[in-house]
Amino acid sequence: MLAIVGGSGLTSFAELEVARREVVRTPYGEPSGPLTFGQLQGHPVVFLPRHGHGHTIPPHDINYRANVWALKEAGVLGVVAIVSVGGIRADIDPGAIVLIDQVIDYTWGRVSTYFDGPDRPVTHIDFTVPFDRLLRLRLKNAAASVGEPIIDGACYACTQGPRLETAAEIDRLERDGAAVVGMTVMPEACLARELDLPYAGLAVVVNHAAGRGDSQLAISTSEIARTLENTMQRVRSIVMASVVPEKGVLP
Ligand code: HPA
């Protein structure tokens, strides 16, 4: 069973045949909302909108530890994270769908580990390759199977938000090697790694990053909403294809 964590523009999944909703409590508090268990194309999935069902929880206030813990407890084999981003790299325009392959964490003040507290031994997880190879492959194959072009490989800069960046900050992120910018992959991705949960991120490009393209002078939030609306159906079709198990690519 895969988990789908929906971001902005994906607070519900119309195609999901809902079996039950479960309010889960974790040692770290409550997740962003009840877990929705159901079937997509006849395959079991769990859906969780990370900003809450009413899209009310901003990126810095999300209880990432509770969300990832709840999914692990539900017994999922992997997490497909849907995120929205601004495009920094010249070839990444609004409307593109990007399979991210690296991350740089610029967030601060977010609780980003399960390995804390006085009686826990110091633990350092390996995070060289932050996204799961097989789950990425599964998403790539799913996109190909439904004829949706995706950009395979981009470094995601995770900023604190909730404000968008300045043009100078985007220049700096680009110098650092980032190709897209968003606010939610961290600490979600490293918490999943701490729990040995395969994790991959599919990013929807909803705007040119600050100072780039048509965001030269300002980022239009109405444009973001329009692009999200127009692109999410394509993302849903990729996700639906990805839940069908493939031989050799995760159980
Ligand atoms: N910056 C940060 N997060 C985002 C952006 C952006 O330009 N677009 C969508 N999420």
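User: Which strands and helices each supply at least two residues of the lining of the largest pocket?
Analyst: This is a predicted model, where local features need pLDDT of at least 70, side-chain atom pairs count only at pLDDT 80 or more, and totals for chains, interfaces and linings use all residues. Residues are numbered from 1 along each chain as its sequence is written, and side-chain values use heavy atoms, with hydrogens and water left out. Helices (H or I, at least four residues) and strands (E, at least two) are DSSP runs, numbered from the N terminus. The elements asked for are β5 (78-87), β10 (180-182), β11 (199-208) and α5 (221-242).

User: Which element gives the most to the lining of the largest pocket?
Analyst: A pocket is an open set of points on a 1 Å grid over the protein atoms alone, with protein on both sides within 12 Å along at least five of seven lines, and lining residues have an atom within 4 Å of a point. The lining holds 28 residues, with S8, S84, L164, M183 and I224 nearest the pocket centre. With four residues, the top contributor is α5.

User: How much space lies in the largest pocket?
Analyst: A volume is the space filled by probe spheres set on the grid points, which are joined across faces, edges and corners. For the largest pocket this comes to about 500 Å³.
The second largest pocket has about 190 Å³, and the value asked for is about 500 Å³.

User: How many charged residues are in the lining of the second largest pocket?
Analyst: Among its lining residues are R163, E165, E169 and R172. Asp, Glu, Lys and Arg count as charged, Ala, Val, Leu, Ile, Met, Phe, Trp, Tyr, Cys and Pro as nonpolar, and the others, Gly among them, as polar. Beside four nonpolar and three polar residues, the number of charged ones is four.

User: Which helix gives the most to the lining of the largest cavity?
Analyst: A cavity is a set of points where a 1.4 Å probe fits but cannot get out. The largest cavity has about 30 Å³ of space and is lined by V5, N67, V68, L71, V79, E188 and Y199. Three of the lining residues come from helix α1 (residues 64-73).

User: How many residues of helix α4 are buried?
Analyst: Buried means under 20% relative accessible area (1.4 Å probe, protein chains only). Among the buried residues of α4 (residues 185-194) are V185, E188 and L191. Its buried residues pack against elements including β1 (2-6), α1 and β5. Of the ten residues in α4, the buried ones number nine.

Terms used
Buried means under 20% relative accessible area, exposed over 50%, partly exposed in between (1.4 Å probe, protein chains only). Contact means heavy atoms within 4.5 Å.
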